[in-house]
Amino acid sequence: MLLTKKSLSVLLASLCMSGLAHATDVTGAGSSFVYPVLSKWSQDYSKSSSNRINY
């Protein structure tokens, strides 16, 4: 599964607007090509919310 920038944005937006009161872990797998960017985005996202992305 390859997460594009657009699909990741939709995923993150839906997590933010879902109104969940607890932390959420999102796990995905895909190409190593996007790992550096996705790693940085997920770190920034984790700092601003209680949700984590494991890619």
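This is a predicted model: local features need pLDDT of at least 70, side-chain atom pairs count only at pLDDT 80 or more; totals for chains, interfaces and linings use all residues.
Visitor: Which residues of H2 are buried?

Guide: Leu38, Ser39, Ser42 and Tyr45 are the buried residues of H2. Seen down the axis of H2, they fall within an arc of 130°, so they line one face of the helix; the arc is taken over the directions from the helix axis to the C-beta atoms. Ser42, in the helix that runs over residues 35-48, has a relative accessible area of 11%, and it is therefore counted as buried. For the protein chain as a whole, 24% of the 55 residues count as buried.

Visitor: What pattern does the protein chain follow along the sequence?

Guide: Helices (H or I, at least four residues) and strands (E, at least two) are DSSP runs, numbered from the N terminus. In this protein chain there are two helices and two strands, and their order along the sequence is α-β-α-β.

Visitor: What span should H2 have, and how far apart are its end C-alpha atoms?

Guide: The expected span is 1.5 Å times one less than the number of residues. For the 14 residues of H2 this should come to 20 Å, and because the end C-alpha atoms are 20 Å apart, the two values agree.

Visitor: How many salt bridges does the rule count?

Guide: A salt bridge needs a side-chain nitrogen of Lys or Arg within 4 Å of a carboxyl oxygen of Asp or Glu, and by this rule there are two. In one of them, the side chains of Asp25 and Arg52 meet at 2.9 Å, N to O. This pair links distant parts of the chain, since Asp25 is in strand E1 (residues 25-27) and Arg52 is in strand E2 (residues 52-54), 27 residues apart. Asp25 is partly exposed, at a relative accessible area of 48%.

Visitor: Where do Lys40 and Asp44 lie?

Guide: Both lie in helix H2, four residues apart, which is about one turn of the helix. Lys40 and Asp44 form a salt bridge whose closest N and O atoms are 3.1 Å apart. Lys40 counts as partly exposed at 43% relative accessibility, and Asp44 is also partly exposed, with a relative accessible area of 34%.

Methods. Residues are numbered from 1 along each chain as its sequence is written. Side-chain values use heavy atoms; hydrogens and water are left out. Buried means under 20% relative accessible area, exposed over 50%, partly exposed in between (1.4 Å probe, protein chains only).
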